[in-house]
Amino acid sequence: MAVSPDKHTKRWIRPLPKQVINKIAAGEVVERPASVVKELVENSIDAGSDRIDIIIEKSGTKLIKIVDNGAGIEKDQMEIAFARHATSKISSFQDLDNLHSYGFRGEALPSIASVSRLRMVSRVADADSGHEIIFEGGVLKSLKPIAAAPGTVIEVENLFFNTPARRKFLKSESTESRHISRIATAMAIGRFDLAFSLNLNSRSIFSLPTGSSLRERVSGILAPNKKFVSVSFQSDKTTLEGFIGVPELAQNNRYGLYLFINNRFIYSATFSHALKAGYEELLPGGKFPIGTLLLTVDPAEIDVNVHPTKTEVRLSNEREIHDIIFRAVRDALRQDGIIPSFRAGHGFAGSRSSGDASRPRPGASSVIPGIGVNHPANTEFLSQLYRHPDNIEIGQPIAEPSGKHGTVRVDTHTGEIIEGPTTEPADHIGPSGGFRLVGRFADLYLLLQSGEDLYIVDQHTAHERVLYEQTLERVDRQSADSQQLLFPVQIELSPVQFAVFEDSTELLTICGFSAAAFGGRTVNINAVPALLSKKSPQRLFGKIIDDIASLRKAGLDLKKAVAQSIACRAAVMSGDRLTDREATHLLDCLLQCDNKYSCPHGRPTFIKITRQDLDRQFGRE
Ligand SMILES: Nc1ncnc2c1ncn2[C@@H]1O[C@H](COP(=O)(O)OP(=O)(O)OP(=O)(O)O)[C@@H](O)[C@H]1O
Ligand SMILES: [Mg+2]
């Protein structure tokens, strides 16, 4: 660092030499090799190219070469392209409000040229020949005519050779390569209509033709042959389109996610948050979805001039955009086929053929809290969950009319019935008319038939989902369903558990616990939620507190953490044998849930196997 002169020394204020200014600017624009790739490819796209080849050696420290077939640069403009703040893309500040190019600062080329050895060959289509210009550390070395194809080739060699500090701060080759792959992939997705190739360290990473659709490009690059869900939204001013991976494709990092605003690959906290929120609880904690979303808004609504690398964008109507993305993603994931969906019905028809044997005997206690027909809390619980317009008697399976009984139309976005079913007398509910319990497996999975499809339901996750939503609803209504203990119990909590307990006492009370500190770290438990009344309060309480602690750590809010824990602990387990009626009720309740597809931890509640899938497996097709 320069030594500061004392205050009596005369200070000269003078403009810095051009090369120094450019090198300082390069510090902001050119953070690493991947930033060079980004800037140069953006220039190629701005020049109207429809084929862009990217060749990288030694993770960009040796060579970054971009070949395009765009407009090219006239001979007398070659040098000026490397002057700071020289651009062909805007001419006034107002132009920024209606920006249709990636570039606008006129900073990339001079910055890159100042920290490398740069050679550019360019030719406009109607010129007789091309021209070659060479810079070293920002100093012009030569400019001369050369034979060339129309378009531009840029070779950036020895990046950061004259800024050793920057060079030293580069990460390992594999990290820099990963950044390059990511940015090149982003460019290829953002402009899926253009041909792109990436050759990285002598390996061809991708080579993509022009004229691809977004779907082809996304699945082609991100996860060939994997399932993506289409997301779309359109209003006068805003459109959203894209493809997002089914929850199973989620990763532990954000690298599979490509978000764009007005074709600009950006980082936006609002955008990511809305996307994740749209998955609701389908994603286990710490997982990130894969896929891409392209948001297009009126250019006047965004400010791209926030950060030197233009990777951040400010939106003027953040809330509205958040809402649009959240809803579009959520609706897309709820649609049929993404996560298996009970599309056509609003309820399951119970298995009529199962006979009386499976009916619970009067007075027999049920395995299934909150669901079982003889459970004390059951009647009230079921009446809450049956929000069916036709006021069907509790316990009565809801029919889905078959073709001959009339049709039902369901809004695939909300799952609401638009044209309600005509309820048939019970005897008319034929097995083919709706969802039918056809069996069970391993005392865990319920097998159902609907039309030509087979559904396999995990009784534990399904029940967890039902109880979770029920508990949340109770918390909101502050209407705990509590069961007094005949003999209050005392348990000693660890210091960490006690802190969690103090933090969540209020919510635990709302959920039906009555527990109070009793001196030291001892807690006196007088009542538990009715759902948990069959479990041992001693063992349960500590576990619930531990669940809450770890869910909180994973970023869940307290209310959801408490509800999840109670739901998980109260739900039927693998090995609990359900009667047909209990199973049918559980499925009915599941269908009424806001999110019937997964348990609160993100595991699926059911999977679907179509007749076609089976036929294929058996070689019938
Ligand atoms: N591949 C290319 N083909 C044709 N012209 C190009 C190409 N690359 C750069 N240019 C021209 O050189 C000019 C300067 O490029 P530079 O990247 O420095 O600035 P910019 O793209 O205008 O703005 P920004 O600094 O925001 O990228 C561009 O405005 C463009 O006219
Ligand atoms: Mg540029």
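# A walk through the helices and loops

Helix α10 passes helix α13 in a right-handed crossing. A crossing counts as right-handed if the near helix is turned clockwise from the far one by less than a right angle, and left-handed if anticlockwise. The contact draws on H460, H463, E464, L467, Y468, T471, L472, V475 and D476 of α10. From α13 come K559, K560, A563, Q564, I566, A567, C568 and A570. Contact here means heavy atoms within 4.5 Å. By class, the contact of α10 with α13 has nine nonpolar, four polar and four charged residues. Nonpolar covers Ala, Val, Leu, Ile, Met, Phe, Trp, Tyr, Cys and Pro; charged covers Asp, Glu, Lys and Arg; the others, Gly among them, are polar.

This is a predicted model, in which local features need pLDDT of at least 70 and side-chain atom pairs count only at pLDDT 80 or more, while totals for chains, interfaces and linings use all residues. Residues are numbered from 1 along each chain as its sequence is written, chains are lettered from A and ligands numbered from 1 in the order in which they are written, and side-chain values use heavy atoms, with hydrogens and water left out.

Helix α10 spans residues 459–477, and its axis comes within 8 Å of that of α13. The two axes cross at roughly 135 degrees. Axes are lines fitted to C-alpha atoms, for helices over the stretch in contact, and angles run from 0 to 180 degrees between N-to-C directions. α10 and α13 are therefore oblique to each other. Angles under 35 degrees count as roughly parallel, over 145 as roughly antiparallel, 65 to 115 as roughly perpendicular, and the rest as oblique.

Now take the whole protein. Its secondary structure comes to 15 helices and 25 strands. These are DSSP runs, numbered from the N terminus: helices are H or I with at least four residues, strands E with at least two. Of the 621 residues, 50% count as buried. Buried means under 20% relative accessible area, exposed over 50%, and partly exposed in between, with a 1.4 Å probe and protein chains only. Among contacts with a separation of 6 or more, 68% join residues 24 or more positions apart.

Next comes helix α12, residues 537–553. Its 17 residues reach 24 Å from the first C-alpha to the last, close to the 24 Å expected at 1.5 Å a residue. The expected span is 1.5 Å times one less than the number of residues. P537, L540, F541, G542, I544, I545, D547, I548 and L551 of α12 are buried. The buried residues of α12 pack against β22, α11, β23, β24 and α13.

α11 and α12 pack at an angle of about 95 degrees, with their axes 10 Å apart. α11 and α12 are therefore roughly perpendicular to each other. In this contact, α11 supplies Q497, V500, F501, D503, S504 and L508. α12 supplies F541, G542, I544, I545, D546, I548, A549 and R552. Eight of the contact residues are nonpolar, three polar and three charged. Just after α12, G555 takes a positive phi of about 100 degrees.

L532 has 1% relative accessibility and counts as buried. L532 touches F513, L540, I544, I566, R569 and A570, leaving out residues up to four places away in sequence. L532 and I566 are 34 residues apart in sequence, with 7.8 Å between their C-alpha atoms.

Helix α8, residues 318–334, has 17 residues, and its end C-alpha atoms are 24 Å apart, which agrees with the 24 Å it should span. Its buried residues include I321, F326, V329 and L333. What covers the buried residues of α8 includes β9, β10, α7, β13 and β15.

Helix α3 (residues 108–114) holds A113. A113 is buried, with a relative accessible area of 2%. The C-alpha atoms of A113 and K23 are 8.9 Å apart, though 90 residues separate them along the chain.

K23 turns up again at T163. T163 is in contact with K23 and V115, leaving aside neighbours within four places in sequence. T163 lies in the loop between β6 and α4, and is buried at 17% relative accessible area. F160 lies in the loop between β6 and α4 too. F160 has a positive phi of about 65 degrees, although it is not a glycine. At 2% relative accessibility, F160 counts as buried.

N263 also has a positive phi, near 65 degrees, in a residue other than glycine. N263 lies in the loop between β11 and β12. At 32% relative accessibility, N263 counts as partly exposed.
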